[in-house]
Amino acid sequence: MYILKCIAQIGGLLGIALMGNKLTQVFDLHFPGSILGILFIFLLLEAKIISLEWVETGANLLIAELILFFIPSAVGVVQYKQLIITNGASFGFVIFLSTVTVMISTGLLAEFLNKIGKGR
Amino acid sequence: MLAGFSFIITILSYVGAKLLYRKKQSVFLSPLVICPFVLISLLLSFHVSLETYSAGTQWITDMLQPAIVAFAVPLYKYRALLKKYALEIALGVFGGSIIAIVSSVMYGKLFHLTPQLLDSLAPRSITTPIAMNISQTIGGLPAMTASFVIVTGIAGIVAGPFILKWLPIHHQVSKGMLLGMGAHGAGTAQAYEIGSIEGAIASLTMIVAGIITIMVAPILVPHLH
């Protein structure tokens, strides 16, 4: 029963994602259809046209296994072997430094905004 | 035959890594680190081409799209929380997105990377499908961007716990924003390990960062060259 429910709900979410892709293509919007899909499901839930139970089980499963869906793309770096051999260390440094910069500044900015926010 | 085998091995390596990670929570056992490592080693040692591997695993990648749509569920469940912190999230994520783009390009210039690689690096702090899309728009290499996004995820889940430990960041919202902004989906998964509020904020941050970067990167990046 759980498996059937998951398959049906994931199928539904996939359908919405594909529909989003189609719409962004037709209207020549320069962002991925999945963003439209998020908005669409959110509005359907907010308007109570669908209930949370219709999508929740499948959605939770997809989110719990999110990392799996990145793995084949990560394996794809193998095609840039030469580029990575020559520039790999630079990529690593740049990404690591930039990620740490982003995390520290976002964290401090958020903490600061939360402190002022409390005074509202 | 080999394509089907690629699919099975990918799933098996993921399940195995997940079980290991549950036993011992070391970053190096995170499926995002260990699976690509194991799979690339297998491809190289058995001389399997990337085309063959991709043919068998394409639909795993395709599931990323419904998985992104699935984020509507936590967004809806935590909508009260999101409304409460709407301003903090909007401003914080806007700032974070700008810093992510500018610092990626600037550090990249410091290391003398080519303009095409700088363009590929610029959207690295957001979730893969959106990042690849932007990379294409601004003239980068989408496949390279995908790998930069993955490395960002790894860097983020390695650095995140230390930064949270050493910086005076106590609010659940700040923790979620830090992880979602710094390490997109990987950071969001880590935020859910801390708590469901942190996770919900991280997933919202990831989505908002994607939308902001779509709008800002094409305007900002050409000025940084």
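**Exercise 1.** How much space lies in the largest pocket?

*Solution.* The model is a predicted one, in which local features need pLDDT of at least 70, side-chain atom pairs count only at pLDDT 80 or more, and totals for chains, interfaces and linings use all residues. Residues are numbered from 1 along each chain as its sequence is written, chains are lettered from A in the order in which they are written, and side-chain values use heavy atoms without hydrogens or water. A pocket is an open set of points on a 1 Å grid, where a 1.4 Å probe fits, with protein on both sides within 12 Å along at least five of seven lines. The largest pocket holds about 600 Å³.

**Exercise 2.** Describe the lining of the largest pocket.

*Solution.* Lining residues have an atom within 4 Å of a point. There are 28 of them, and S73(A), Q58(B), T61(B), P129(B) and M132(B) lie nearest the centre. Among the elements that give two or more residues are α1 (2-26) of chain A and α10 (142-166) of chain B; helices are DSSP runs (H or I) of at least four residues. By class, ten lining residues are nonpolar, 17 polar and one charged.

**Exercise 3.** Determine how α7 and α12 of chain B are arranged.

*Solution.* The axes, lines fitted to C-alpha atoms over the stretch in contact, belong to α7 (residues 86-110) and α12 (residues 196-224) of chain B, come within 8 Å and cross at roughly 50 degrees. Therefore α7(B) is oblique to α12(B), oblique being the class left after under 35 (roughly parallel), over 145 (roughly antiparallel) and 65 to 115 degrees (roughly perpendicular).

Notes. Points joined across faces, edges and corners; volume = space filled by probe spheres on them. Nonpolar A, V, L, I, M, F, W, Y, C, P; charged D, E, K, R; others polar. Axes fitted to C-alpha atoms, helices over the stretch in contact; angles between N-to-C directions.
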